[in-house]
Amino acid sequence: MFHSQGVHPGKRGNPHTRQHSDSMRRSLVDLEVIIPAYNEAARIPGTLHQTIEFLAGQDWSSRIVVVDNGSVDETVALVHRISREHRGEVPVSVVGCARRGKGAAVRRGLLSGTSKFTGFFDADLATPLETLTEAMTHLSGGAAAVIASRHAPGSTFVRPQHLGRRVGGTAFRALTRSKVKGIQDTQCGFKFFERDALTTAMVQCRSTGFAFDVELLLRLQDNDASIIELPVAWTDGAKSTFRPFQDGVASFASVIQLQKAAQ
């Protein structure tokens, strides 16, 4: 059973000031949900409204933390507007991340809070929000990490991936299989953690790019932390910003560099 810890949304003020000070005055909650965002003005309103509605109905207290990764559109303004609209429900904070890349943004968000449990998912909501319920059950039962998987037994694709992503994903999984033992899918954008286990692993991580997920899971395993992989009904985002060729090459390069560093 989770108990609310008295959530108090942030005060109004200059958005640029709030972007960097929200993390210093965030009240204690059971769970912080990190959403990395780069030019997500088209998707972030729907994502936040759905997430707030879901979290408001749970037994645990929550906060959403959007990490702005240098957006040049209306992402930050929209997040602040929605935060004001939902004042008194689930609080929404914004923190900035000057270093580009999803790994850097996720790292910034995860390390900026103090909640007992924290984690992240992508702004496209490719993994059903309901997965959080099972994740929190496992975490409260002692698991160090719970990650969604598109390739564990029982998982399904609601919308098939494009051929380029399927081929690249198969090759990437083959490359990482020898690094992260027993994990079918290191790259699914839904991962949640117990704070102490996460912090111990994060201080050992150096990657901020495409190898971030791989290295984080590897460090958790090195520390004998328990990782639970949940099969999910995953929906490939029609507006995904992942570029199979350019980003695929970068992904391989990042993991190969990680392997060299470990030698």
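Q: What makes a stretch of chain count as a helix or a strand here?
A: Helices are DSSP runs of H or I of at least four residues, and strands are E runs of at least two, numbered from the N terminus. On that basis this protein, which you're looking at as a predicted model, comes to nine helices and nine strands.

Q: How much of the protein counts as buried?
A: Of its 263 residues, 51% do. To make that list, a residue has to be under 20% relative accessible area.

Q: What makes β3 and β8 the edge strands?
A: Start with the order. The open sheet has seven strands, running β3-β2-β1-β4-β7-β5-β8 with mixed pairing. β3 (92–96) and β8 (227–231) each have a single partner strand, so one side of each is left without a neighbour in the sheet.

Q: What about β1 and β4: how many bridges join them?
A: Four, and the two strands run parallel. L31 is the residue opposite F117 in β4.

Q: Why is β4 called largely enclosed?
A: Five of its five residues are buried, so the rest of the structure largely encloses it. In a regular strand the side chains alternate between the two faces of the sheet. Here F117, G119 and F121 point one way, T118 and F120 point the other way, and all are buried.

Q: The axes of α4 and α7 cross at roughly 135°; why is α4 called oblique to α7?
A: Helix α4 (residues 102–111) and helix α7 (residues 195–202) have axes that come within 11 Å and cross at roughly 135°. To be roughly antiparallel the angle would have to be over 145, and roughly perpendicular stops at 115. That leaves α4 oblique to α7. The crossing is left-handed. R107, L110 and L111 of α4 make the contact with R195, L198 and M202 of α7. By class, that is four nonpolar, no polar and two charged residues.

Q: α2 and α3 pack at an angle of about 30°; why are they called roughly parallel?
A: The axes of α2 (residues 44–56) and α3 (residues 75–85) are 10 Å apart, at about 30°. The cut-off for roughly parallel is under 35 degrees, and that makes α2 roughly parallel to α3. This crossing is right-handed. I44, P45, L48, H49 and I52 in α2 meet T75, L78, V79, I82 and E85 in α3. The contact divides into seven nonpolar, two polar and one charged residue.

Q: What makes the backbone at L125 and D224 worth a look?
A: Most residues other than glycine have a negative phi. L125 has a positive phi of about 55°, and D224 has one of about 60°, although neither is a glycine. L125 sits in the loop between β4 and α5, while D224 lies in the loop between α8 and β8.

Q: Are L125 and D224 buried or exposed?
A: L125 has 17% relative accessibility, under the 20% cut-off, so it counts as buried. D224 has 71%, over the 50% cut-off, so it counts as exposed.

Q: Why does P231 get the label partly exposed?
A: P231 has 37% relative accessibility. That falls between 20% and 50%, so partly exposed is the label. P231 lies in strand β8. Beyond its neighbours within four places in sequence, P231 is in contact with S149, A152, P153, G154 and S155. P231 and T127 are 104 residues apart in sequence and 10.0 Å apart in space, C-alpha to C-alpha.

Definitions and conventions
Residues are numbered from 1 along each chain as its sequence is written. This is a predicted model: local features need pLDDT of at least 70, side-chain atom pairs count only at pLDDT 80 or more; totals for chains, interfaces and linings use all residues. Side-chain values use heavy atoms; hydrogens and water are left out. Axes are lines fitted to C-alpha atoms, for helices over the stretch in contact, and angles run from 0 to 180 degrees between N-to-C directions. Angles under 35 degrees count as roughly parallel, over 145 as roughly antiparallel, 65 to 115 as roughly perpendicular and the rest as oblique. A crossing is left-handed if the near helix is turned anticlockwise from the far one by less than a right angle, and right-handed if clockwise. Contact means heavy atoms within 4.5 Å. Ala, Val, Leu, Ile, Met, Phe, Trp, Tyr, Cys and Pro count as nonpolar, Asp, Glu, Lys and Arg as charged, and the others, Gly among them, as polar. Two strands pair if DSSP finds at least two bridges between them. Buried means under 20% relative accessible area, exposed over 50%, partly exposed in between (1.4 Å probe, protein chains only).
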